[in-house]
Amino acid sequence: MSEQQNHLLTLSRRQRQIMDILYRCGECSAEEIREQLPNPPSNSAVRAMLATLKNKEYIKHREQNLRYVYSAAIAPETARETALDRLINTFFDGSSVKAVNALLGMQADKISDEELNQLSELIQEAKEKDNN
């Protein structure tokens, strides 16, 4: 796991919520972020969390019409991998097989033949990489 991914694991619940908002929306002001948080904290608390995230280089900002607009500084792919890694380690004892099995069990009636073929291709590619 990269250092950047490891740091993402240390974010607080609120900081992760802010990152989720920024990934979903692209750019937001502090007030727009606050409005989207569940049980929103005070404006000053949101600004403090934004300052912390900015100091840790998770987010960046630019000035627009006399206010700061924030966006994620970490690629969504990195955040996605980190979140998935955390999920697998927390709920599936670090086992990708257990996670995929649970997902397939939950989604069995929703997975199309095309998606199953894509999964088969990914498994075959992984086997080939492992053999090389």
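Select arginine 34 to begin: this residue is partly exposed, with a relative accessible area of 22%. Here, buried means under 20% relative accessible area, exposed means over 50%, and partly exposed lies in between (1.4 Å probe, protein chains only). The structure is a predicted model, in which local features need pLDDT of at least 70 and side-chain atom pairs count only at pLDDT 80 or more, while totals for chains, interfaces and linings use all residues. Residues are numbered from 1 along each chain as its sequence is written, and side-chain values use heavy atoms, with hydrogens and water left out.

**The salt bridges**

Glutamate 31 forms a salt bridge with arginine 34, and the closest N and O atoms are 3.9 Å apart. A salt bridge is a side-chain nitrogen of Lys or Arg within 4 Å of a carboxyl oxygen of Asp or Glu. Both residues lie in helix α3, 3 residues apart, about one turn of the helix. Helices (H or I, at least four residues) and strands (E, at least two) are DSSP runs, numbered from the N terminus.

By this rule, the count is 3 salt bridges. Next, select glutamate 27 and arginine 62, whose closest N and O atoms are 2.8 Å apart in a salt bridge. This pair links distant parts of the chain, since glutamate 27 is in the loop between α2 and β1 and arginine 62 is in strand β2, 35 residues apart. Then select aspartate 93 and lysine 98, which form a salt bridge with 3.0 Å between the closest N and O atoms. Aspartate 93 is exposed, at 64% relative accessible area, whereas lysine 98 is partly exposed, at 43%.

**Proline 41**

Move to proline 41, in the loop between α3 (30-36) and α4 (43-55). Is proline 41 buried or exposed? At 18% relative accessibility, proline 41 counts as buried. Leaving aside neighbours within four places in sequence, proline 41 is in contact (heavy atoms within 4.5 Å) with Arg14, Arg34, Val46 and Met49. Proline 41 and arginine 14 are 27 residues apart in sequence, yet their C-alpha atoms are 9.5 Å apart in space.

**The sheet**

Now display the strands. An open sheet is formed by 3 strands in the order β1-β3-β2, with antiparallel pairing. The strands β1 (28-29) and β2 (59-64) stand at the edges, each with a single partner strand, so one side of each is left without a neighbour in the sheet. Two strands pair if DSSP finds at least two bridges between them. Between β2 and strand β3 (residues 67-72) there are 6 bridges, and between β1 and β3 there are 2.

Isoleucine 59 has alanine 72 in β3 as its bridge partner, and serine 29 has valine 69 in β3. Glutamine 64 stands opposite arginine 67 in β3. The strands β2 and β3 form a hairpin with 2 residues between them, and asparagine 65 in the turn has a positive phi of about 50°.

**The nonpolar patch**

Finally, show the surface and select Val100, Leu104, Leu116, Leu119 and Leu122, which make a nonpolar patch of about 400 Å². Patches are made of residues with over 30% relative accessible area and no salt bridge; like charges are joined within 9 Å, and nonpolar side chains (Val, Leu, Ile, Met, Phe, Trp, Tyr) within 5 Å. Accessible areas come from the Shrake-Rupley method with a 1.4 Å probe; for residues, only the protein chains shown count as cover. Helices α6 (96-107) and α7 (113-131) each give two or more residues to the patch, and α7 provides the largest share, 3 residues. Leucine 104 lies in helix α6 and is partly exposed, at 32%.
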